[in-house]
Amino acid sequence: MSEPVRLNARVYRVHVEGMNPTESKIFAGMIHLAERNGTVFQIEPVLEQSDIFIFDGSNAQAIEFERSHPQLTQRAIWINPPSHLQSPRQISRPFRWSALLAMMEQIVSATPSAAVAQQGQPPEASGFERLCAVTEQALRKHIGIAAGFVIEDVRAERSRLGGGTTTLSIEAFLDILRPQLPTSVDAGAVIREISAAARLSGPA
């Protein structure tokens with residue numbers, strides 16, 4: 001049974017492919033060190049529902065996933081990556097566990113994530129980006145990792161319209177979001193869910 005998450009903790013899901021049983025055991029204990037910064041890392045078995053990816057360069061599934069999802073390069077850490085991969089974050093065996101943890105913390109500090117919404121802070125705290133975080137969290141239940149791609153499209157459209165990351169009304173944000181939703185989801189239902197989640201978190 002997993003441990004309960006502290007109230008207001010920032011939770012990030014980490015998917016690992018390729019560690020041996022001993023390495024996995026050490027890693028599971030090591031990630032609790034991050035709680036000193038108010039951040040909680042949890043091991044996530046489902047690759048598509050993860051925020052951070054740790055891949056072994058000898059793992060065929062990991063290499064194929066990286067090839068088909070190049071947008072996630074900045075959220076991946078590679079263990080002895082193959083020579084054709086130009087990964088900005090990589091480690092070699094034997095691991096320096098402190099270096100691995102530092103890379104994970106760099107990823108979460110540099111990448112807006114659905115996990116931020118779990119802090120329960122109101123959307124106006126960071127305006128547009130806060131609404132993006134609330135939306136990504138809600139969308140993940142419907143379309144998994146593709147939620148991140150939708151949010152990227154929303155940011156691009158916001159930029160095209162001349163907006164920044166300042167405060168934006170929920171209605172205006174949803175107007176930008178609606179055309180970016182995939183046809184595979186019930187757009188009306190998703191919009192209502194996101195609107196409710198944003199309002200519960202606080203006024204935008």
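Strand β1 (residues 10-17) pairs with strand β3 (residues 52-56) in the parallel sense, over four bridges. Strands pair if DSSP finds at least two bridges between them. Helices (H or I, at least four residues) and strands (E, at least two) are DSSP runs, numbered from the N terminus.

This is a predicted model, in which local features need pLDDT of at least 70, side-chain atom pairs count only at pLDDT 80 or more, and totals for chains, interfaces and linings use all residues. Residues are numbered from 1 along each chain as its sequence is written, and side-chain values use heavy atoms, with hydrogens and water left out.

The open sheet has five strands in the order β2-β1-β3-β4-β5, with parallel pairing. β2 (39-43) and β5 (90-91) are at the edges with a single partner strand each, so one side of each has no neighbour in the sheet. Glu17 has Phe55 in β3 as its bridge partner. Helix α2 (residues 60-68) lies across β1, β3 and β4 (76-79), and runs at about 130 degrees to β3.

Helix α4 (residues 128-143) packs with helix α5 (residues 146-160) at an angle of about 145 degrees, their axes 8 Å apart. Axes are lines fitted to C-alpha atoms, for helices over the stretch in contact, and angles run from 0 to 180 degrees between N-to-C directions. Contact means heavy atoms within 4.5 Å. Residues of α4 including Phe128, Leu139 and Ile143 meet residues of α5, among them Ala146, Ile151 and Arg158.

The structure holds one cavity of 30 Å³ or more. A cavity is a set of points, on a 1 Å grid over the protein atoms alone, where a 1.4 Å probe fits but cannot get out; lining residues have an atom within 4 Å of a point. Grid points are joined across faces, edges and corners, and a volume is the space filled by probe spheres set on the points. The largest cavity contains about 40 Å³ of space. Its lining consists of Phe55, Phe65, Glu66, His69, Leu72, Thr73 and Ala76.

Most residues other than glycine have a negative phi, and most peptide bonds are trans. The table gives two backbone values.

| Site | Value |
|---|---|
| Arg93 to Pro94, cis peptide bond | omega near -5 degrees |
| Asn80, positive phi | phi near 45 degrees |

Pro94 is in the loop between β5 and α3 (97-110), and Asn80 is in the loop between β4 and β5.

Definitions and conventions:
On a 1 Å grid over the protein atoms alone, a cavity is a set of points where a 1.4 Å probe fits but cannot get out, and a pocket is an open set with protein on both sides within 12 Å along at least five of seven lines; lining residues have an atom within 4 Å of a point.
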